[in-house]
There are 2 protein chains.
Amino acid sequence: MRSYLDSIESPVDVRRLPLDALSDLCGEIRAALIRSVPVTGGHLSPNLGFVEATVAIHYVFDTPHDKLVFDVSHQCYTHKMLTGRKHAYTNPEYYNEFTGFTNPEESEYDLFRAGHTSQAVSLALGLAKARDVLGQKHNVIAVLGDGALSGGEAFEGLDNAAVIGSNLIVVFNDNEMSIAPNSGGVYENLCALRASNGEAEDNFFRTLGFDYRYVEQGNDVQALVEAFREVRGIDHPVVVHVHTRKGKGLAWAEEHPEETHMVAPQAKAAVSVGETYQQITRDYLSAKLETESRLVIVNAGAPSGVGLTPEFRARCGSHFVDTGITEQHAVAFSAGLARGGAKPVFMVMASFLQRAFDQLVQEMGLNKSPATVLVFGAGFYDIDATHAGTLDIVMTSNIPGITCLAPATKSEYLSMLDWSIDQDERPVVIRVPERVIVGEDGFDRNRPGAWHVVQRGTRVAFLSTGSTITLARQTMQLLEERDGIQATIVEALNYSSFDERVLDGLLYDHDVVVTLEAGILCGGFGEKVARYFGKTPMRVMCYGGKKEFLDLVPTEEFFLIYHFTPEEIVADLEAACLR
Amino acid sequence: MRSYLDSIESPVDVRRLPLDALSDLCGEIRAALIRSVPVTGGHLSPNLGFVEATVAIHYVFDTPHDKLVFDVSHQCYTHKMLTGRKHAYTNPEYYNEFTGFTNPEESEYDLFRAGHTSQAVSLALGLAKARDVLGQKHNVIAVLGDGALSGGEAFEGLDNAAVIGSNLIVVFNDNEMSIAPNSGGVYENLCALRASNGEAEDNFFRTLGFDYRYVEQGNDVQALVEAFREVRGIDHPVVVHVHTRKGKGLAWAEEHPEETHMVAPQAKAAVSVGETYQQITRDYLSAKLETESRLVIVNAGAPSGVGLTPEFRARCGSHFVDTGITEQHAVAFSAGLARGGAKPVFMVMASFLQRAFDQLVQEMGLNKSPATVLVFGAGFYDIDATHAGTLDIVMTSNIPGITCLAPATKSEYLSMLDWSIDQDERPVVIRVPERVIVGEDGFDRNRPGAWHVVQRGTRVAFLSTGSTITLARQTMQLLEERDGIQATIVEALNYSSFDERVLDGLLYDHDVVVTLEAGILCGGFGEKVARYFGKTPMRVMCYGGKKEFLDLVPTEEFFLIYHFTPEEIVADLEAACLR
């Protein structure tokens with residue numbers, strides 16, 4: 001029998017269905033998601049909870065004439081299935097054809113690329129204002145997840161909406177969960193609204209000037225259609241608060257909504273990755289807590305990427321704070337903790353730290369706050385462009401007053417982390433390497449600006465940051481084999497300042513310095529070295545990433561396109577600088 | 001007769017006064033502010049409104065044992081007067097002894113340096129959590145201005161407070177004004193709270209889990225003392241909503257709270273500055289609005305620095321949006337406007353744009369949003385470190401997908417602005433120069449990446465960004481006089497990419513490239529040039545700022561300490577590179 005889903009090529013086909021067929025369509029979509037997502041990997045439980053709401057939105061609203069904006073957009077799989085891309089969820093051959101986020105290059109139904117949270121209302125409000133200025137008429141719908149509500153940008157957008165004042169429909173997807181359990185005072189208010197069927201005395205959305213509707217049965221497509229029909233064409237901002245079930249329809253996901261928030265692809269999940277810095281960090285912090293009662297571990301609503309498991313969080317007790325999805329606050333909060341005499345360690349993904357650039361400048365650098373920021377997920381690896389961790393060196397190392405450290409080995413990482421927690425003078429950013437390398441500890445606690453000279457040679461010097469040390473060693477060997485040059489290798493353990501003793505020492509018997517960094521070159525480490533030697537005859541060759549956005553490029557390919565191989569570097573050296 | 005103020009050396013002396021003397025003390029403080037601030041320049045009307053609340057806080061709480069954190073901290077003058085620094089407000093000889101913001105280097109009563117908004121609750125919450133972890137007992141008080149409430153970071157902090165759950169007293173200073181009139185839906189709620197004496201049905205602060213008190217007479221010191229006594233020692237987060245009058249006690253300031261928000265020093269106010277880019281921009285936009293109905297001018301709650309006068313805003317009507325103090329939202333909102341077919345021009349101070357780094361990356365760069373961002377206040381000039389505009393080149397030019405332009409002349413600025421609004425392809429940041437230079441238009445609308453070769457010489461090339469062109473010309477002349485070298489001068493009009501044609505053309509007959517930029521060198525423009533030439537024999541000398549925070553350094557001194565003079569540069573050239 002032909003299914004409903006078979007007949008759907010676009011939302012127009014959804015709108016042709018009788019209302020009472022939608023429930024079956026939702027069932028088919030859910031079944032496809034349950035089959036495909038565990039194979040491909042992706043955001044499983046958020047999408048399972050938002051099937052009905054997505055179908056109802058496309059049923060009621062005239063997309064793409066009406067404009068639909070997803071927050072984070074990791075809950076857009078049903079939307080993709082309804083907008084010409086269902087084969088990526090129904091046919092294993094095409095499972096990996098599209099990214100897991102909205103993307104205007106894929107479809108006219110996708111208005112923005114989004115991957116960080118809390119921006120949907122702002123983007124949608126921009127669309128609404130443009131509509132008004134251009135004299136157009138259509139609905140603008142923003143889908144806002146409850147986790148995204150803790151982010152200040154969502155508040156800024158909601159607060160500004162009442163001022164603009166015209167049609168804006170915010171579909172607020174309340175599944176009682178962020179990535180991890182929600183954290184924030186406003187969630188008590190949501191709880192009260194749910195308990196009172198939307199009638200609680202204090203209503204967060206109303207305080208911001210929004211009209212408000214509540215839908216208790218947020219996985220009942222008919223109830224949703226009814227609610228959306230009521231607000232279609234409305235002439236002012238309204239929130240439709242939709243109570244959904246994260247992981248809906250899959251018992252395993254309903255019971256473990258955090259673990260199934262994002263699942264690894266089947267192929268990868270089976271592979272043991274060996275020791276990770278997430279585990280190393282947990283072990284270290286657990287031990288440190290035994291002797292350092294001032295330690296406070298801070299995370300901004302995204303604990304999984306940095307290895308803060310539910311068990312570890314529970315073990316830390318009051319020494320762990322989840323601030324919600326609030327990087328700005330988390331950095332300022334850490335500065336406050338430091339000023340108050342505590343020992344904050346803020347653990348964050350490189351990409352998300354971008355939200356807190358100003359707080360790094362003002363609350364950390366300017367205030368000399370002795371806090372530790374552990375940056376995970378920095379470097380080149382297979383990830384969506386929205387989540388790339390290649391701008392962190394730019395962002396942290398150019399701010400006055402912040403000490404930025406890049407360990408190469410596990411023992412260096414542990415030394416740096418311990419030193420950073422113990423010291424009381426300055427903010428420290430540690431760029432957590434991607435790969436665990438066991439090796440000697442070149443970090444000098446008494447000279448945190450010092451670089452580690454691994455090997456002293458002549459003519460060519462490799463200045464390596466973090467785990468590019470492996471590439472430095474391999475290239476050094478190849479250079480010796482091919483050109484008979486015994487090169488120098490230096491771990492630039494501190495990438496926010498120069499070890500002038502090392503650099504000046506290279507001047508008299510080296511011709512070329514090769515810098516290596518796993519981040520974009522523009523504004524990064526290598527350029528600083530190039531400036532340092534700019535007045536001198538020393539040649540400088542910088543290896544790192546181009547200033548570009550790349551999607552899901554396998555790590556090995558990154559190395560090829562950025563010439564991160566011993567063969568390429570030696571060839572470049574021979575061509576350009578070795579006489 | 002000896003005044004009360006004479007007897008105050010620290011808050012301990014305030015606490016010794018009888019309650020009924022406080023009103024007179026407030027009168028004396030206000031009189032001192034009215035005498036001193038118009039002379040020194042500074043935040044006049046915000047401080048006049050917050051005299052009583054500050055006195056009451058220090059009277060009731062045991063500062064510095066109890067911890068007091070000011071948001072923005074421009075309303076801290078009374079606090080400074082009570083904490084050992086009154087002579088800076090009473091004796092003209094010492095008027096300029098202290099900065100206009102809290103500063104731990106000045107006093108143990110100042111816990112943080114603050115200058116941007118909306119961070120007080122986060123900082124205070126950090127102090128509160130540190131207190132709890134360390135087993136200490138004291139009150140933590142955050143002073144939050146109503147303008148700061150629109151900033152997402154304030155929401156993030158407030159929202160997290162209920163989770164921490166212990167003593168935190170937020171004194172919310174509601175003077176019904178931001179810098180400009182408040183903008184945001186939440187202000188309607190504040191209005192309802194004021195109208196109902198704090199009893200309105202929906203209460204923003206309660207929705208975030210805060211306890212709540214309202215003080216209608218926020219300039220009545222006895223009412224404030226009573227309110228603060230009630231919450232002293234409280235075991236959970238509470239907001240004390242204090243209704244004050246901005247500019248209180250000075251008719252001129254009460255009537256013109258926006259104009260007197262920040263007043264220029266008497267000495268400066270009298271000096272005519274001639275034509276400004278603020279005026280030039282207003283004139284251009286006024287004319288453009290005649291033919292471009294899609295234009296929307298966006299500002300994030302700080303219109304004065306960028307020249308958006310009340311008259312101009314009124315003239316723009318619905319083509320102007322004040323988003324509140326919300327840089328994150330403002331950038332995303334502009335991206336939404338652009339996607340919707342409007343022509344957004346976001347006007348912002350360089351220092352405040354730091355709040356939106358991630359949105360520049362994601363919503364602008366990644367989404368290729370054709371929006372224009374005009375960055376004012378960038379460069380070296382006499383300003384507090386909290387407001388320095390020296391990190392904008394780092395922040396904007398290293399992001400993929402953003403075109404960054406630095407005009408040297410007025411005509412280039414107007415060409416760039418017009419081109420940027422007309423094009424539909426990409427986000428454009430224009431670094432508005434500090435000084436208006438009348439000169440030729442080297443910008444090529446068909447090649448926005450092209451640099452302008454002002455003069456082609458040999459041996460030495462000056463690559464100038466923005467208004468450093470004057471320095472380039474002067475240095476070129478001196479070099480000709482002293483060394484007989486006819487140098488090349490290039491306006492690097494686009495500082496986010498290289499004009500390789502120009503750079504490669506220098507290789508065969510130039511020895512040295514000198515880069516000039518009014519921003520910090522680390523992560524900036526010159527370093528990119530140094531990298532570009534790193535493999536070649538070309539020497540590169542970069543002139544710009546050090547990576548450091550500087551306070552109130554006069555512009556001319558900046559030029560001296562950073563070697564921004566023709567004499568220094570020629571001397572450096574002779575020493576290092578000219579054979």
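How many residues of chain A are in contact with residues of chain B? In this predicted model, 98 residues of chain A are in contact with 99 residues of chain B, two residues being in contact if their C-beta atoms, placed from the backbone, lie within 7 Å. On the side of chain A that touches chain B, 41 residues are nonpolar, 35 polar and 22 charged. In this division Ala, Val, Leu, Ile, Met, Phe, Trp, Tyr, Cys and Pro count as nonpolar, Asp, Glu, Lys and Arg as charged, and the others, Gly among them, as polar.

Residues are numbered from 1 along each chain as its sequence is written, while chains are lettered from A and ligands numbered from 1 in the order in which they are written. As the model is predicted, local features need pLDDT of at least 70 and side-chain atom pairs count only at pLDDT 80 or more, whereas totals for chains, interfaces and linings use all residues.

The same surface serves both copies, since 100% of the contact residues of chain A recur in chain B.

Chain A is assigned domain 1 (5-267), domain 2 (277-431) and domain 3 (452-576), with bounds that come from an automatic or database domain assignment. The C-alpha centres of domains 2 and 3 of chain A are 27 Å apart, and 25 residues of domain 2 are in contact with 27 residues of domain 3. On the domain 2 side, the elements that give two or more residues are α19 (392-397) and β10 of chain A. Of these, α19(A) gives the most, with 4 residues. This side of domain 2 divides into 15 nonpolar, 5 polar and 5 charged residues. Helices (H or I, at least four residues) and strands (E, at least two) are DSSP runs, numbered from the N terminus.

Chain A also holds an open sheet of 6 strands in the order β7-β6-β8-β9-β11-β10, with parallel pairing; two strands pair if DSSP finds at least two bridges between them. Neighbouring strands are turned by 20° against each other on average, direction ignored. Strand β6 (295-299) of chain A runs parallel to β7(A) and is joined to it by 3 bridges, with A:Asp322 as the bridge partner of A:Asn299.

In chain B, strand β15 (510-520) is mostly covered, with 9 of its 11 residues buried. A residue is buried if 20 or more other C-beta atoms lie within 10 Å of its own, exposed if 12 or fewer, and partly exposed in between, with C-beta atoms placed from the backbone. β15(B) pairs in the parallel sense with β13 (459-464) of chain B over 6 bridges, and B:Val514 is the partner of B:Phe462. A further 6 bridges join β15(B) to the parallel strand β16 (539-545) of chain B, where B:Arg539 is the partner of B:Val512.

B:Asp382 is placed in the loop between β9 (372-376) and α19 (392-397) of chain B. Because 14 other C-beta atoms lie within 10 Å, B:Asp382 is partly exposed. Not counting residues up to four places away in sequence, B:Asp382 touches B:Leu552, B:Val553, B:Pro554 and B:Thr555.

How values were computed. Axes fitted to C-alpha atoms, helices over the stretch in contact; angles between N-to-C directions.
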